[in-house]
Amino acid sequence: MKTESNFPKIISYPKDQWIESVSKEIQNTILSTIEMKGSCDLMLTGGKTAGLLYKYWKDTASLPIKNIRFWFGDERCVPPDHPESNYGLVIRTLLSDSPGAVIARMEGEDPDMDASALRYEGLLPLQIDVMLLGLGEDGHIASLFPNDEALNSKNRSVLHVVGSKPPKKRITVTPRVIQSSKFIYVLAFGEEKGKVLSKALEDLDDFRSLPVRLTRNGTWMLDEFAAKSIRIEK
């Protein structure tokens, strides 16, 4: 485990223990936040790995849903019932039995993407307590893709972008939201994701070529296969 200042905390678990272990780690942070302030602003991500985590939380009923405000780090510009919708993923898994959950949805189906981004920007709290992020094999997080203009944004918290991976039209939070979040967890499965993270460690300042470097002060939660590509000090 690396613990240097401004360096990500790197934790790995065997694949068959990953879901349970990661769930408990993040859940403890959420519970601590609720104990301190009475609620937790939790920013969710999409993707298969996140979906496994959400289903585990649902099946174990381990999250105090009523004390959590749910947000999204990005959304595909599709209707909420579309298979590629991050909101849809969460509703089908974590919140399938929680109709009263407080959840702020990015309106990806709005053809005026900039208006939708501005609306979401107006809703965001000053700081996200716990942010979950997946990782693309090109190093993107949320919908911040390598060398995109959104990475240079100084004054906006949410923007519409055109990514390199379909569905290409998306809405995403900007670096300022990620960097100001209190706790950041990056979820990464597999050797290819490990190679991306290993490359990211070579120059943590250059987040424009590898946006995952924006999480340098966060925690990277890896399975054993992702960890193979990274030297981890125990």
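Modeller: Let us begin with a term: contact means heavy atoms within 4.5 Å. The model before us is predicted. In it, helix 1 (residues 15–37) lies across strand 1, strand 2 (40–44), strand 3 (68–72), strand 6 (130–133), strand 9 (183–188) and strand 10, and runs at about 165° to strand 9.

Colleague: In what order do the seven strands of the open sheet stand?

Modeller: The order is 1-10-9-6-2-3-5, and the pairing is parallel. Strand 1 (9–13) and strand 5 (102–103) stand at the edges with a single partner strand each, so one side of each has no neighbour in the sheet.

Colleague: Over how many bridges do strand 1 and strand 10 pair?

Modeller: Strand 1 pairs with strand 10 (residues 219–223) over five bridges, in the parallel sense. Within this pair, tyrosine 13 is found opposite aspartate 223 of strand 10.

Colleague: How does one describe two packed helices?

Modeller: One gives the angle between their axes and the distance between the axes. For helix 1 and helix 2 (residues 48–60), the axes come within 10 Å and cross at roughly 70°. Angles of 65 to 115 degrees count as roughly perpendicular, and the two helices are therefore roughly perpendicular to each other.

Colleague: Which residues of helix 1 and helix 2 meet?

Modeller: Among them are Trp18, Ile19 and Glu20 in helix 1, and Leu52, Tyr56 and Trp57 in helix 2. The residues of this contact between helix 1 and helix 2 divide into nine nonpolar, three polar and one charged.

Technical notes. Residues are numbered from 1 along each chain as its sequence is written. This is a predicted model: local features need pLDDT of at least 70, side-chain atom pairs count only at pLDDT 80 or more; totals for chains, interfaces and linings use all residues. Side-chain values use heavy atoms; hydrogens and water are left out. Two strands pair if DSSP finds at least two bridges between them. Helices (H or I, at least four residues) and strands (E, at least two) are DSSP runs, numbered from the N terminus. Axes are lines fitted to C-alpha atoms, for helices over the stretch in contact, and angles run from 0 to 180 degrees between N-to-C directions. Angles under 35 degrees count as roughly parallel, over 145 as roughly antiparallel, 65 to 115 as roughly perpendicular and the rest as oblique. Ala, Val, Leu, Ile, Met, Phe, Trp, Tyr, Cys and Pro count as nonpolar, Asp, Glu, Lys and Arg as charged, and the others, Gly among them, as polar.
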